[in-house]
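Here is a short report for a first look. View the structure, then read on.

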Amino acid sequence: MGLNIDVHGLQLTYDTHPVLDGTEFSVERGDLVALLGANGAGKSTLLRCISRVLQPTGGQIILEGQQLQNFNTKEVARLMAVVPQETTADFDFTVEDIVMMGRFPYLRRFQKEDQGDQEIVRRAMEMTGISHLADRSIATLSGGEKQRVIMARAVSQQPEVLLLDEPTANLDIGYQSMLLELASRLNREKDVTVIAAIHDINLAVHHFNRFILLSGGRVLAAGRAEEVITPENIQKSYGVSASTYRHPLHGVLQVSVVGGRKTGEHVEGGPAAHVIGGGEEALPALELLSQKGCRLSVGPVSAQDSGCRFAHFHSLPVIIVPPFTSMNSEHRSEHLKMMRKADAVVVPPIPFGEGNLPIFEEVEIILKEGKAVYIIDLEGVEARDYSGRARNLLKGLIKQGAVALEKVEDLPAVINSGYNRDGGGVNER
Amino acid sequence: MAVLFMLLVFSTIAAMVWGAVEIAWRDVFVVLANTLPFYESVAGTEITQVYRDILLQIRVPRVILAAAVGSSLAVAGAVFQGLFRNPMADPYVIGISSGAALGAVFAMLGGFSLALGGFGAVPLFAFAGGISTMMLVYSMARVGRAVPVMTLLLAGIAVSAFLSALVSLFTYFAGEKLHMVVFWMMGGLGGATWQQVQVMVPYALAGYICVSFFSRELNAMLLGEETASNLGVNTEQVKKILLVGASLLVAAAVSTSGIIGFVGLVVPHFVRLVAGPDHRFLIPASALLGGSLLIATDTLARIIIAPSELPVGIITALIGAPMFIYLLKKRRKLRYFGGGG
C-alpha cells in the first residue's frame with residue numbers, strides 16, 4: 001500500500017552540533033524519493049530518525065497520521081525495512097537464514113516460521129536473483145551479492161516503506177543500477193514508498209522521480225529533477241560549480257562538475273593548440289590536450305556538434321558554422337586567424353567530405369608560414385573519406401612539412417617539444 | 001542434539017563409575033534405581049553402604065553440579081560472544097569473575113563464619129561480588145538510556161583489571177591462606193553437596209530460561225544493533241535481559257566452583273564450527289556440551305592422581321585446547337566468524 005510520511009521541524013543535535021536543523025518535508029504514499037546532499041548534510045541521520053534508530057531532539061515524524069513514537073518496535077519493523085550502506089556479516093549464517101530474519105517482526109516468541117514465511121522468503125530471493133545462493137554462507141559472498149541478500153531480507157519484511165542509506169556506495173556500476181531497479185520495481189509493483197539517500201546524482205535521476213536536497217540539516221529544495229538539480233542548488237549544497245545538461249543518449253538530466261571552468265577563466269601558459277573539426281572523432285584529442293594543459297581552440301563545427309559543446313563547456317574559442325552548409329569566406333578567414341594564434345594545429349581523425357575539404361587550403365597557408373601541423377591516423381583515412389580526395393590532399397600537406405602521427409596519444413609530446421624549441425616553453429619560465 | 005544428549009548421559013555414567021574407588025556400572029544403576037520410591041530393590045542388598053554413600057552423597061551431587069556449572073559457563077559464553085559480536089568474549093569478559101574472586105578472597109582472608117541457609121561465606125561473597133561488578137560495569141557504560149556494547153566491553157575490561165589487581169594485592173598478603181586462595185581461583189568441584197545443588201541449580205535454570213527466550217533476538221543482534229532494531233528487536237531491553245541472565249549464570253557458577261576457564265570460551269565455538277551460529281540451536285547445544293565436558297574433565301581430575309585431586313580448570317584447558325585447535329585445522333576455511341572478522 002505504501003504510507004505517507006510527514007516530517008515536521010525535525011531537530012537532532014550531536015553534542016552541540018546540530019545535524020538536523022528543522023528538517024521539513026512530506027512524502028506521499030508510493031513516492032520514489034532520492035535524498036540528495038553533501039556528506040554531513042544529514043541524509044543518514046534523517047533516515048535513522050525515520051527508522052527510529054535515533055531519537056530526534058525535536059520535531060515530529062508522522063506516519064500515516066500517527067506519531068512515530070506511538071508504534072512499538074515490531075510494528076515499525078512491519079512497516080519499514082532498511083537497507084544500509086554496508087552490512088558486516090561476520091557470522092556463518094546462510095543466505096536463507098538472513099532473508100528469513102526479515103520475518104522476525106511477524107513471529108511471536110518461540111513461533112516457528114511456517115510455510116507462508118518460507119514462501120515469502122523464497123519469492124524474495126527469486127525477485128532479487130539470489131535463489132542459487134540460498135545455502136551459501138553470507139560471509140563468503142561478494143559485496144554486490146551481499147547487498148542483494150540484504151535487499152531480499154527487506155523484501156521479506158513486506159514493508160510499506162523502504163529506506164535505503166547509500167545502498168550502492170560500495171557496488172560496481174552493474175550492481176548499482178540492479179539494486180536501484182529492484183527498489184523501483186518494489187515501488188511499481190507493490191506501491192512501496194521508497195526513500196533512498198544517494199550520492200551519485202546522475203544515477204539517482206535514472207531511478208527516482210522525486211528529489212529532496214538536504215543542506216546543513218534542512219531541505220534546500222524538493223520536487224522534480226529539474227526543480228531540484230540546478231547549478232545554483234548544487235553550488236549551495238555541495239560547494240562546487242556544476243553544469244547540468246540533458247544526456248545525449250538517454251535525454252535524462254545530468255550533472256557534471258568535472259573540468260568546468262567559468263567564462264573568462266583561462267589556463268595560464270602551456271602551448272596553444274587548434275583542433276580542426278569536431279564530432280566524436282575529435283573529442284579524444286580535445287580531452288587529452290585539455291588535460292595536459294594546452295590552451296585550445298576548436299573549429300569549424302556546427303552548433304549541435306559535441307566538439308562545440310566541449311568548447312562551450314570549457315569556455316574555449318570556437319568557430320561555429322551552420323549545419324549542412326559549406327563555409328563561407330568569413331568563416332574561412334576567421335579560421336585562418338584562429339590557426340595563426342595557435343602554436344600547433346591538429347587534424348584529428350575526422351571524416352572528410354566535399355563540405356570540409358576546403359579547410360585544407362587554409363592549412364596549407366599556415367604550413368607555409370611555418371606552423372606545426374599534426375595529422376593523426378593518416379593510414380586509416382580511406383575508411384572515413386567520402387570525397388575520395390582526402391588521402392592525396394593530406395599527403396600533399398605532409399610533403400610540405402606536416403607531421404603524421406599514428407595515434408592521439410602521441411600528440412602531447414610532440415606539441416610540447418615543438419613549443420619548447422620555439423622558445424615559448426618551460427625552460428624560460 | 002540427540003548426539004549431545006547421549007554424550008551427557010554417557011559422561012554422567014562414567015563419572016559415577018570412576019573415581020578414587022571404582023564402582024561397577026551395574027551397581028550404579030541399582031543404587032540409583034533404589035532411590036526411586038516405587039522401585040522394589042532386587043539385587044541391592046549386596047552393595048555395601050559405603051558405595052551407596054559414595055554415590056549418593058558425593059558423586060551424584062558432584063555430577064549434577066558439574067553439569068550445571070559447565071552448561072552455565074558455556075551458555076553465558078555463547079551469549080557474551082553473540083552480544084559483543086566478539087569471538088574472544090568469554091563468561092568472564094565483563095569482570096564478573098574478578099568481582100567474584102575479590103568477594104571470595106575477602107571472605108577467606110576475613111575468615112568470616114557467616115552462613116546463610118547452610119552456605120559458607122565464600123560462595124555468598126563471591127556471588128555478591130560477581131553480581132555487583134556486573135551492575136557497576138553496566139552503570140559505567142550507560143550513555144543516557146542506551147548501553148553501547150563496545151563501551152560495555154571496555155568498561156568490563158577496565159573494571160576487571162582493577163579488581164584483579166586488588167585480588168593480587170590481597171593474595172600477596174594472604175600468608176598461610178595463600179594455598180586456599182590460589183586453589184579457589186583454579187576452580188574445582190571438590191566437596192560438592194546436595195545443598196550446593198539446591199542453591200546453584202535454580203539460579204542456573206533461571207538464567208538459562210531467561211537467555212533461551214531471546215535466542216532469535218540474539219541472532220538478529222549478530223548482524224549489528226542497528227539492523228536488529230530495524231528488524232523489530234527492542235535492542236536495549238534485550239541487551240539488559242541477556243546481560244542479567246548471563247551474569248546470573250556466571251555468578252552462580254563461579255560462586256560454587258571458582259574460576260573454571262576455557263569451557264565458556266571454547267564450547268560455543270565448538271558448536272558453531274559444527275552446526276552454525278543460530279542461537280536457537282547454539283544455546284541448548286552449548287548447555288549440553290558444556291555440561292558433558294565439565295563432567296568428563298572433572299572425572300579425570302578426580303582419577304588422574306587419585307586419591308588426590310587436580311583442579312579441574314587445568315584439565316579443561318589441557319584437553320579442550322588441543323581438541324579445539326584440531327577442529328580449527330580441520331575446518332580450514334575459518335569462515336564461521338568471517339574471514340576478516
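## Contacts and overall form

Two residues are in contact if their C-beta atoms, placed from the backbone, lie within 7 Å. By that rule, 67% of the contacts in chain A between residues at least 6 apart in sequence join residues at least 24 apart. The model shown here is predicted.

Chain A holds 15 helices and 18 strands. Its C-alpha atoms fill a box of roughly 90 × 45 × 45 Å along the principal axes. The radius of gyration of chain A is 29 Å, whereas a compact globule of 429 residues would have one near 22 Å. Of the 429 residues in chain A, 42% count as buried.

## The six-stranded sheet

One sheet of chain A is open and has six strands. Their order is 15-14-13-16-17-18, and the pairing is parallel. Which strands stand at the edges? They are strand 15 (318-321) and strand 18 (403-405) of chain A. Each has a single partner strand, so one side of each is left without a neighbour in the sheet. From one strand to the next, the twist averages 20 degrees.

Strand 14 (residues 295-302) of chain A pairs with strand 15 of chain A in the parallel sense, over three bridges. A:Val298 has A:Val318 in strand 15 as its bridge partner. Helix 11 (residues 306-313) of chain A lies across strand 14 and strand 15. This helix runs at about 140 degrees to strand 14 of chain A. In a regular strand, side chains alternate between the two faces of the sheet.

Strand 11 (residues 243-246) and strand 12 (residues 253-256) of chain A run antiparallel. Four bridges join them. The bridge partner of A:Arg246 is A:Leu253, in strand 12 of chain A.

## Where the chains meet

How many residues of chain B are in contact with chain A? There are 26, and they touch 23 residues of chain A. Helix 9 (215-221) and helix 10 (225-230) of chain B each supply at least two residues of the chain B side. The largest share, four residues, comes from helix 10 of chain B.

What kinds of residue make up the side of chain B that touches chain A? Nine are nonpolar, eleven polar and six charged.

Note on methods: Residues are numbered from 1 along each chain as its sequence is written. Chains are lettered from A and ligands numbered from 1 in the order in which they are written. This is a predicted model: local features need pLDDT of at least 70, side-chain atom pairs count only at pLDDT 80 or more; totals for chains, interfaces and linings use all residues. Ala, Val, Leu, Ile, Met, Phe, Trp, Tyr, Cys and Pro count as nonpolar, Asp, Glu, Lys and Arg as charged, and the others, Gly among them, as polar. Two strands pair if DSSP finds at least two bridges between them. Axes are lines fitted to C-alpha atoms, for helices over the stretch in contact, and angles run from 0 to 180 degrees between N-to-C directions. The radius of gyration is taken over C-alpha atoms; the globule rule is 2.2 Å times the number of residues to the power 0.38. A residue is buried if 20 or more other C-beta atoms lie within 10 Å of its own, exposed if 12 or fewer, and partly exposed in between; C-beta atoms are placed from the backbone.
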